[in-house]
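I opened my notebook to look up rings, charges and helix packing. Here are my entries, in the order I made them.

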Amino acid sequence: MKFYDLDKALKTPDRVQSLILHQRGYSRIPDVIATFPRLRELALSSNRIETIPAFLSRLENLEILDLSGNLIELKDSDLPLPESLLQLKLANNKIKCLSVVLPNSLEKLDLSGNPLSKSDPLEHLPRKLRHLRLAACGLEKIPDSIYALSRLESLDLSENEIRFTPVKGEMWKSLISLDLRKNKLTHCRLPLPPAAPLAKLKLNHNKLQQYPKGLEKATQLQTLELTDNRLKTFRLDIRFAVLRNIDLSRNKLESLVLPWSLCPMLRQLNVSNNKLESLPDFFWENLPLQRLDLSKNKLQSLSGKSGSVTDLRQLNLDSNKLEKLNLETGLEKLEQLSLRRNKLPGIPGFIWGLDRLKKISGLKGSSRLMRFLLCCRSEEIPIKLRPVLFAYYQGAPNLPVIRPDLMHAGLTLPLPALHKSLWNAWEEKHPLRALKKGDTLKILGPINIRRKSIENAGLNITDDPAKADFLVPASGRDWPSSTSVKSPASVRVFIRESGKKALEGHPGLEALLESKQPANVQMALSVIGRRQLPARLLSLCFINWVEQKDPALRKKLERLLWKQLPARILEQPDDTETLRQLCREGLLDESLHF
């Protein structure tokens, strides 16, 4: 069991397998820990411990010991540790030299953050060591004793002052990961043996001016990180069959040559913060990447054709000088596209065919465009119609001539702003007389208008198109071949205006509302129902709402007014300036006293 409290652990010493005592202020390791025979993990980091007691050697099952963040110096030649120990963490202590003998079983050793001496500070390293961390230790070269570790798999030497390139040694036969970030390397030659197992190489934040030499033998290389160096060109002349990630950001790259045939498994490429002005013509052909970051360069135009559909999912082109972007095919799987801070005059043409796109940024109205593309995808709108429909959706000037195929496609999309723009264009091109009482309509599909409301407004409904004065399509799917069509919105306007006319000059309603008696006002509301009110009746309802004391009736009046008056006057009914404005607009009757 795992325990975080020493007192609780002492109650059941035979059950303690893991004891975590971080930041407890211990100046020495408690002796009672020797009473835990089954202890496998002991963590005492961030305390004030100076020495390692001898009783630890009696813990025969101990495998993990964490003493990082203490005051240990390791001056004694003998280190009392059990032979069962597999992991030892001594990071951020005061160790200057490792002259003690460590258990032969040790596989992982962390000495990061210790002030190791400039000369060879590691005299005795276990031959079975597989993972070694020496980050931020002030080293100027790789200690000679490390090269003899024939089983070493990962070596972390980041944040040191290493200036010298590595030399030959047994460790290269087994090393999988090498971290040399934040050192002072100006060049790098790796003395790798044939078919070296090196899979991850990190050389970020150095002063490299050339591509690392000797990598042609790293046939298993998967990750190459060269961020924040001084590279001006990067040309890949070696085949890396399993290379998946290259990071070249924050260099001075002016030229980039990456034949995809030499790295067919490459999935991520980051060349942001460089000085690239162009890319080779073959760059987009058979692109194997899934993520590509070209942000913060000097690209002015990008064009090219892909020989086949690529797997590219994320493309970042932020902060360039792009004026032209013409990537014709092959990006059908693209999901994220970023185009912030460029000089593009409009929407690039290839975007209309990106049916898997989930996020786009950097274009004017990006969120509106994304919503439009998602709707087009769900309704399977033809790609050639999308730019024209989006122009109508935006309400752009100089719109193309409206056509039946545009109406058919656009009205299937659940975008009210687009519907309004299309209908305005259609009615302008095909002007028809206004609806009047007695007209017969043929309803094509459900239009969310009750049949009774249509009939109460004096309109007739027929099932025979030949007998209809107008056809009313519910959506683009119901678009007729005839031009004698009326929009559902125009039918709603006619019903609303008819309701107003029916209520205008109604002496009974005015008398009921003017009385301000709850029973009379309730009766008036039952007659009004959901109909739109003329200015005088609406004004009387507003006065009743302001002065009414019956909470239930006041709520009914408020529900009616919310649908017919602006919200600002209901939130501040004593705003005289707004009242005058509504009277000037004809919504309220200025002859009444408010």
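I began with Arg 368: its charged end sits over the ring of Tyr 393, 4.0 Å from the ring's centre. The model I am reading is a predicted one. Tyr 393 forms one aromatic cluster with Trp 352, Phe 372 and Phe 390.

Next I checked another charge over a ring. Lys 486 lies over the face of Phe 470, and the distance to the ring centre is 5.3 Å.

Then I turned to ring pairs. I found eleven aromatic pairs in the structure. One of them joins Trp 260 and Phe 283, with 5.3 Å from centre to centre. Their planes stand at 65 degrees, and the pair is edge-to-face. Where in the chain do Trp 260 and Phe 283 lie? Trp 260 is in the loop between β14 and β15, and Phe 283 is in the loop between β15 and β16. They are 23 residues apart, so I noted a link between distant parts of the chain.

I stayed with Phe 283. Its ring centre is 5.2 Å from that of Trp 284, and the planes are at 80 degrees, so this pair is edge-to-face. Are Phe 283 and Trp 284 buried or exposed? I read both as buried. Trp 260 is buried as well.

Last, I looked up two helices. The axes of α8 (residues 507-515) and α9 (residues 518-528) come within 7 Å and cross at roughly 140 degrees. The crossing is left-handed. On α8, the contact residues include Leu 509 and Leu 512; on α9, Val 521 and Met 523 are among them. I sorted the contact residues into eight nonpolar, two polar and no charged.

Key: Residues numbered from 1 in each chain as written. Predicted model: local features only at pLDDT ≥ 70, side-chain atom pairs only at ≥ 80, totals over all residues. Heavy atoms only, no water. Axes fitted to C-alpha atoms, helices over the stretch in contact; angles between N-to-C directions. Helix = DSSP H or I, 4+ residues; strand = E, 2+ residues; numbered from the N terminus. Left-handed = near helix turned anticlockwise from the far one by under 90°. Contact = heavy atoms within 4.5 Å. Nonpolar A, V, L, I, M, F, W, Y, C, P; charged D, E, K, R; others polar. Phe/Tyr/Trp six-rings, centres within 6.5 Å; stacked < 30°, edge-to-face > 60°. Buried < 20%, exposed > 50% of the residue type's maximum accessible area, 1.4 Å probe, protein only. Lys NZ or Arg CZ within 6 Å of the ring centre and 35° of its normal.
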